[in-house]
Amino acid sequence: MVLKPFHTEALNGLCSKDQLDLLNSIDCLRSQGISHYVSLPQIIVCGDQSSGKSSVLEAISGVPFPTKSNLCTRFPIELVLRKTSHIGVSVSIVPHESRSESEQLSLGGFHEKLDDFDGLPTLIEKAKAALAISTHGRAFSKDLLRIEVSGPDRPHLTIVDLPGLIHSETKQQSASDVELVQDVVQAYMKEPRSIILAVVSAKNDYANQIVLKLARAADKRGNRTLGVITKPDTLIANSESEAMYVSLARNQDVEFRLGWHVLKNMDSETGEWSLADRDVKEEEFFSQGIWEDLPRSLLGIDKLRKRLSKVLLIQIAAELPSLIDEIEIKSNACRSRLDKLGEPRATLDEQRLYLLHISQSFQSLIKASVDGTYNDTFFGDAQSEPGYQKRIRAVVQNLNLDFAGHITRRGHRREITESTGNTHVSRSVISTTREEFMDHIEHLMQRTRGRELPGTFNPMIVADLFLEQSTPWEAITRSHIEKVWKAAKEFLSFTTTYVADAATSKALFQKIFEPALNQLLGILNAKTTELLTPHQKSHPITYNHYFTEALQKVRSERSMDEYTTIIKDFFRVSSLESVYIDDRYDLHRLVTALVQRTEPDTNRFACSEALDCMEAYYKVALKRFVDDIAIEVIEAKLISRLHDIFSPITVTSMPADLVTSIAGESEENRAQREQLNKQLEVLMKGTETCKRFIGVRILDADDSTTQSGTTSSSANYDPSDSNETFDDSISDVTNRSRTRTSPPPAEPSPAPSEEPGAADESQEESSFSPSAPMKGKRKSKFAARRAVFESD
């Protein structure tokens, strides 16, 4: 095979063996598919349509892309250039992750070899056909075309060329195409490890070119963007536009931390040039006029190749620690999902063993949650709703407290108030005065009269009154039982999902947990009925001394109310606080009034006594009932039995067909395990590869500055430095990539000048800091254009 060589010696000795190994390793990881899981350092070429992107790419790579027909702007192209002893070109398609599995397999099979670059247009046409791109149909694709070019005279570089940004829709390019291209470009730009090569054409006002706005949006500080100015030969010499683009090249207007570079493209419309001719004409152009005053390191393709190789190498070295961390996180997530899938389960023994394993994990989590020890990672954040629902002890405690408060407020049929229609009484409770309640009791006593003497009452009247008063208990209690049961069901759902894979957890819930939970719900309701029955059908029984205390308290409170009324009537006041004793009041009469306070109606007296007894017994019975529901129903019949729903003993006694139906591995799970194992293998290789280069010197031994994956020098990278070695120190890029949010350096670094006597002036100019003040009319024009750019 004969490929067009580079006629330059600039790349000789650029990279050491370690550096070449590092670049090769990162590309190896990319080819293995690790970029599907983590973001890898890379250079992306972005620009508006017709900005000269393809010409820039051709000049960098030596690959003659067909620039006239826009064949290379329909999908992202990953151009991999490697300096190797053997020569070769291969082309393949990397399907976008949004493609279906069948489409990915089909497109992933596209792989072609080239004998020379003359066949590249034809090959791109074949790729377009494979991607279903046509003039009248789909115009763009998110899939990636990968072109690998190796040879002894190639730069060591990987670049992703993106479709040109479209300003407005046309007949050939719809509004959806405009949006798709912009989405693709933005997605690449937002990758935090991507170096953005923003191509700007001097043919148009840079303030109106979309690429700069998108680059600023994705890289707000301009830390990882390198600007490239193309077509400078279209500018009129000594014009204001030419001066503005020179200012841009000096990084004095739109400022990027990596600075700017200027290239003169081949004129693809007027004639065919060789790459050698292109370089000669570019050198001639930059050796005259205003461009001659710019530092040589900012001009020409040869210097750009070196800059890009350095920038990519430094970006990789700077990102190694964070890349390793990210790969470790993804690897751990992979292992966790594989643990849930378990070992392959083809035989009955393997399936039963898998169920035994997850049953042990299940029981461990159940015990921790029931005991209230939430140390396992399963429980997550208590502030989140899922995290709270996994803490079954906390959920049950809170539901029991809610139940106790609810039944206390709404569990009685009637509530005695000072007047009927009291707004503070619950809607489900009947508001009544004491006299009205006694009227009701008197009527009931007349209907149930037995052998009791006048002034006394039949003890069964208390049972009747209590039965009526406690009528709401059943509905409130059964509602509470259902809430707790549903909370337990939700808890078990979270637990099975955590310990088993999706298919197994679903089968477990359908075949084991739901039947067991339905059975438990029946037991809970049966036990609730058992506890309600004595309160609904039996006569009142209690040996709790609290009943006597409650009865005395009820009578005391009632007597207090009656005596208060007598005293207020005696002193003719509305409140006891306003009573003042003097000689006008006969206290003997007050004592007589209190002593003579009797109920002449024996039936009313009996009603009052019966009401007092019922109220006292209701308080005692309610406290006992609430505790019984919490202990005898919730705790004994539900919570304590959660362990036994899915225990190792249960698994051991399962029929073979049930074991297979639950733990038998589906085709989906087998495919998922295979995919996860493949992903984990890629990630593990990535970890090993990256760790090999931690601490490796990034600069050659002859350089005065050294750089490694974990250390860096303190100098700032100055893109205008004319030194041919790595002494144009780039450690600022490394430090900045580790702490992305750190502010720009406070002190600007001076831009070198090739003109004598420019030292003082250079102190005010920097590639990384706001430009020095400009004078007169030119300053106002630059400021106006910059304001237009920054305002968008």
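Select helix 2, residues 53-61. Its buried residues are Lys 53, Ser 54, Ser 55, Val 56, Leu 57, Glu 58, Ala 59, Ile 60 and Ser 61. That is 9 of the 9 residues, so helix 2 is largely enclosed by the rest of the structure. Buried means under 20% relative accessible area, exposed over 50%, and partly exposed in between (1.4 Å probe, protein chains only). Helices (H or I, at least four residues) and strands (E, at least two) are DSSP runs, numbered from the N terminus. Now step to Gly 62, which follows helix 2 and has a positive phi, near 80°.

A word on the source: this is a predicted model, where local features need pLDDT of at least 70, side-chain atom pairs count only at pLDDT 80 or more, and totals for chains, interfaces and linings use all residues. Residues are numbered from 1 along each chain as its sequence is written, and side-chain values use heavy atoms, with hydrogens and water left out.

Next, select strand 8, residues 225-230.

Strand 7 (residues 194-201) runs parallel to strand 8, joined by 6 bridges. Two strands pair if DSSP finds at least two bridges between them. Val 199 has Val 228 as its bridge partner in strand 8. Trace the chain from strand 7 through helix 6 (residues 210-218) to strand 8: this β-α-β crossover is right-handed. Right-handed means that, with the strands pointing away from the viewer, the path from the first strand over the helix to the second runs clockwise.

On to strand 9 (residues 260-262), parallel to strand 8 and joined to it by 3 bridges. Here His 261 is the bridge partner of Val 228. The chain gets there from strand 8 through helix 7 (residues 240-249), in a right-handed β-α-β crossover.

Last stop: charges over rings. Show Lys 390 and Phe 378; the charged end of Lys 390 sits over the ring, 4.9 Å from its centre. The cut-offs are NZ of Lys or CZ of Arg within 6 Å of the ring centre and within 35 degrees of the ring normal. Then show Arg 414, which lies over the face of Phe 437 at 5.8 Å from the ring centre.
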